[in-house]
Amino acid sequence: MESKHDSKAISVEEIRSLLKEVNDPEVPVLSILDLGIVRDIKVTDGAVEVVITPTYSGCPAMDMIRMQIKAVLDQHGLDNVRITTVLSPAWTTEWMSREGKDKLRAYGIAPPTPLQQVCHTKLFHREEAIQCPHCLSYHTSLISEFGSTACKALYRCEDCKEPFDYFKCH
Amino acid sequence: MSSSTPLIQYTLHLADDTLILGHRNSEWTGHGPILEQDIAISNIALDLIGQARNFYQYAAKLANEQSKNIYPPGLNGSVTEDSLAYLRDGWDFRNSLLVEQANGDWAKTILRQFFCSAHQVDLYEGLAAGSDKMLSAVGAKAYKEALYHLRWSSEWVIRLGDGTEESHARMKKALEELWKFTGELYTPASYELWATGAGIAADLSQLRPRWEERVKDVFDEAGLSHPAAGWMQTGGKEGRHTEQLGYILAEMQFLQRAYPGCEW
């Protein structure tokens, strides 16, 4: 059996670079590295452990992400792979990479604002102005606090009139 | 159940509360009053069932370590999150009575969610600060979700309470129906007293005033009068449920009972 990688010699950095190929199945423009859910990579005597954390407790994409990590590493000759899930510290939008935020905007999803990592409990008090990813206007309004996936809310642009998803405070 | 450890019982109580509330909310999927709120209540259901899975996985791990065959095993012989959710009977469930109450109309569903979220925020914060590493991690994660649910449900209680004559009347009726189940949230079961003593969870008697204050603030804003203290129905946390739980379990467990181990 020929493998592209000698699992004894592979480095953490090489594995990290392979994981760029694994995308979030619900926001396919983001890799799991962009999303900030890869918390650790360990290589011990040829055994690889990838530690991931869910964005939300009920994120339905986690099983798919686990399978995809295994598949991608397996394609590169790494078959001794263990995926561990940790819950603490809890994922925050702060962990999303700068590159990831740019990719989101280009994809038509407003990235999380740096100020909104923790949800405040003031009622009927809206977030900082969220920028429309289409026309870049700040003249936008909330349609619904919940959107197409657990991690997003639904907004509308009052200038270009387009609805758009916003990565909600978390 | 009696020879099970208090830690397993406490973890199952947390798991059952979130599963049953999540299941109730999920009954709205495809039936919400408007599309956006259908999506909202379904997302909350998803968060809650995700939290439930984390609690059940931990309970299953503890149950297997204990190896006393108290809990029903899955087909492979060991206790799993699925066997705990799908193969226990009504009297084994440790959820509070509030979460199992039928959805009724949107007002009743919203009010139930508000009472629960206002409770969970402090409960999870306590777990996160507690001494059990796993429950602390699950609690820290769930805390952020509960905050978001609290804000959403608070706004809806106000919107309906302070809305039209019709919406106010419905919220008032929901309050009459649900209030008697709220006392149980702060009537500790033996395993909750144990969890507080073990430094795992906050003391419910200390959390109660915070819940009451949240409820009072939102009720004031919503134009709802605060119900007088009165008789409260309890028992769910000890396995004595209202007839409502049976209907949920019948629907939720039918497939695994009829076709054991079925997957799709």
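Is Asp45(A) buried or exposed, and how many other C-beta atoms lie within 10 Å? Asp45(A) is exposed, with 7 such atoms. Here a residue is buried if 20 or more other C-beta atoms lie within 10 Å of its own, exposed if 12 or fewer, and partly exposed in between, with C-beta atoms placed from the backbone.

Before I go on, the conventions. This is a predicted model, in which local features need pLDDT of at least 70, side-chain atom pairs count only at pLDDT 80 or more, and totals for chains, interfaces and linings use all residues. Residues are numbered from 1 along each chain as its sequence is written, while chains are lettered from A and ligands numbered from 1 in the order in which they are written.

Chain A, then. Its 170 residues include 38% that are buried. The chain has four helices and nine strands; these are DSSP runs numbered from the N terminus, with helices (H or I) of at least four residues and strands (E) of at least two. In sequence order the pattern is α-β-β-α-β-β-α-β-α-β-β-β-β. Of the contacts in chain A with a separation of 6 or more, 56% are between residues 24 or more positions apart, a contact being two C-beta atoms, placed from the backbone, within 7 Å.

Now the sheet. Strands E3, E4 and E5 of chain A form an open sheet in that order, with mixed pairing; strands pair if DSSP finds at least two bridges between them. E3 and E5 of chain A are the edge strands with a single partner each, so one side of each has no neighbour in the sheet. From one strand to the next, the twist averages 15°. Axes are lines fitted to C-alpha atoms, for helices over the stretch in contact, and angles run from 0 to 180 degrees between N-to-C directions.

E3(A) and E4(A) run antiparallel and are joined by six bridges. Opposite Val38(A) is Ile52(A), in E4(A). Helix H1 of chain A, residues 12-19, packs on this sheet, touching E3 and E4 of chain A, at about 135° to E3(A). Helix H3 of chain A, residues 62-75, lies across E4 and E5 of chain A and runs at about 155° to E5(A).

Back to the loops. Asp45(A) sits between strands E3 (38-44) and E4 (47-52) of chain A, and its phi is positive, near 50°, though it is not a glycine. Leu136(A) also has a positive phi, about 70°, and lies in the loop between strands E6 (109-110) and E7 (140-144) of chain A. Leu136(A) is exposed, with 11 C-beta neighbours inside 10 Å. The peptide bond from Ser88(A) to Pro89(A) is cis, with omega near -5°; Pro89(A) is in the loop between strand E5 (81-85) and helix H4 (98-107) of chain A.

On to chain B. In helix H8 of chain B, residues 190-197, the buried residues are Tyr191(B), Glu192(B) and Ala195(B). They fall within an arc of 100° seen down the axis of H8(B), so they line one face; the arc is that of the directions from the helix axis to the C-beta atoms. Ser190(B) and Gly197(B), on the other side of H8(B), are exposed. Helices H1 (6-26) and H9 (204-222) of chain B are among what covers the buried residues of H8(B).

Last, the interface. Here 26 residues of chain B contact 18 residues of chain A. H6(B) gives the largest share of chain B's side, 16 residues.
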